[in-house]
Amino acid sequence: LNALAGSLMMCLLAVLMAAPIGIAAGTYLAEYVNHSWIGESIRFVNDILLSAPSIVLGLFIYTLVVEPLGGFSGWAGAIALGFIVLPVVVRTTDEMIRLVPSQMREAALSLGIPQWKVNTQILYRAALPGILTGILLALARISGETAPLLFTAFSSQYWSLDLTQPMSNVPVVVFQYAASPYESWQQLAWAGAFMLTMFVLVLGICARLILLRNRIANE
């Protein structure tokens, strides 16, 4: 239960931190610098971040956050997971907004609607299923990440919801129990791995259902 609570807190916090920034960045890429060299440069950097090994991100946050603060913490783990979520949301938002027909933008702008209202009331509504799918897929990805948490949140055997202290989480607990010599601990590791697999499966099904519902609504 301790590991479940820790994983849930850090994953949700990572999404809450990274998703708004990712949506804003994706909107900027799609609507303001779409065909410019700035937009292409940002997309290139985002693709590099998207394909970067998670252990590299963990080491980066270790150097940036853990060492200056003098210890592991749930905040550091959430920040590391947020760096994994961010490029996924940026890429998804960029692609989904660019798929919105230009006629919708032109019709709204011809009525004198400001650009920010076009973005929030028209583009986001049209691209919302795709953006939500990207967020769910990012959440599914970080739910099983072990390497960045080993360098940031680490783990704790004690019940604690204090984000300023080392925080237990399912991936690290599975890693530790799987490496133990005790058969009962190894069985618990298998149970944790199965639980993570089912969680990712449920998120994948939800993402598919959102896209299917949107496709049916547009037909």
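User: Helices are DSSP runs of H or I with at least four residues, strands are runs of E with at least two, and both are numbered from the N terminus. In which helix is the place of Ser54?

Analyst: This is a predicted model, where local features need pLDDT of at least 70, side-chain atom pairs count only at pLDDT 80 or more, and totals for chains, interfaces and linings use all residues. Residues are numbered from 1 along each chain as its sequence is written, and side-chain values use heavy atoms, with hydrogens and water left out. Ser54 sits in helix 3.

User: Is Ser54 buried or exposed?

Analyst: Buried means under 20% relative accessible area, exposed over 50%, and partly exposed in between (1.4 Å probe, protein chains only). Ser54 has a relative accessible area of 14%, so Ser54 is buried.

User: Which residues is Ser54 in contact with, leaving aside neighbours within four places in sequence?

Analyst: Contact means heavy atoms within 4.5 Å. With neighbours within four places in sequence left aside, the partners of Ser54 are Ile84, Glu145, Ala147 and Pro148.

User: What relative accessibility does Val66 have?

Analyst: Val66 lies in helix 3, which covers residues 54-69. Val66 counts as buried because its relative accessibility is 4%.

User: How far apart in space are Val66 and Ile131, C-alpha to C-alpha?

Analyst: In sequence, Val66 and Ile131 are 65 residues apart. In space, C-alpha to C-alpha, the separation of Val66 and Ile131 is 31 Å.

User: Are helix 2 and helix 4 parallel or oblique to each other?

Analyst: Axes are lines fitted to C-alpha atoms, for helices over the stretch in contact, and angles run from 0 to 180 degrees between N-to-C directions. Helix 2 (residues 37-51) and helix 4 (residues 74-99) pack at about 135°, with axes 8 Å apart. Under 35 degrees is roughly parallel, over 145 roughly antiparallel, 65 to 115 roughly perpendicular, and the rest oblique. Helix 2 and helix 4 are therefore oblique.

User: How many nonpolar, polar and charged residues are in the contact of helix 2 with helix 4?

Analyst: The contact includes Leu49 and Leu50 of helix 2 and Phe83 and Arg91 of helix 4. Ala, Val, Leu, Ile, Met, Phe, Trp, Tyr, Cys and Pro count as nonpolar, Asp, Glu, Lys and Arg as charged, and the others, Gly among them, as polar. The contact has six nonpolar, one polar and five charged residues.

User: What percentage of the residues in the chain is buried?

Analyst: The chain has nine helices and zero strands. Of its 219 residues, the buried share is 41%.
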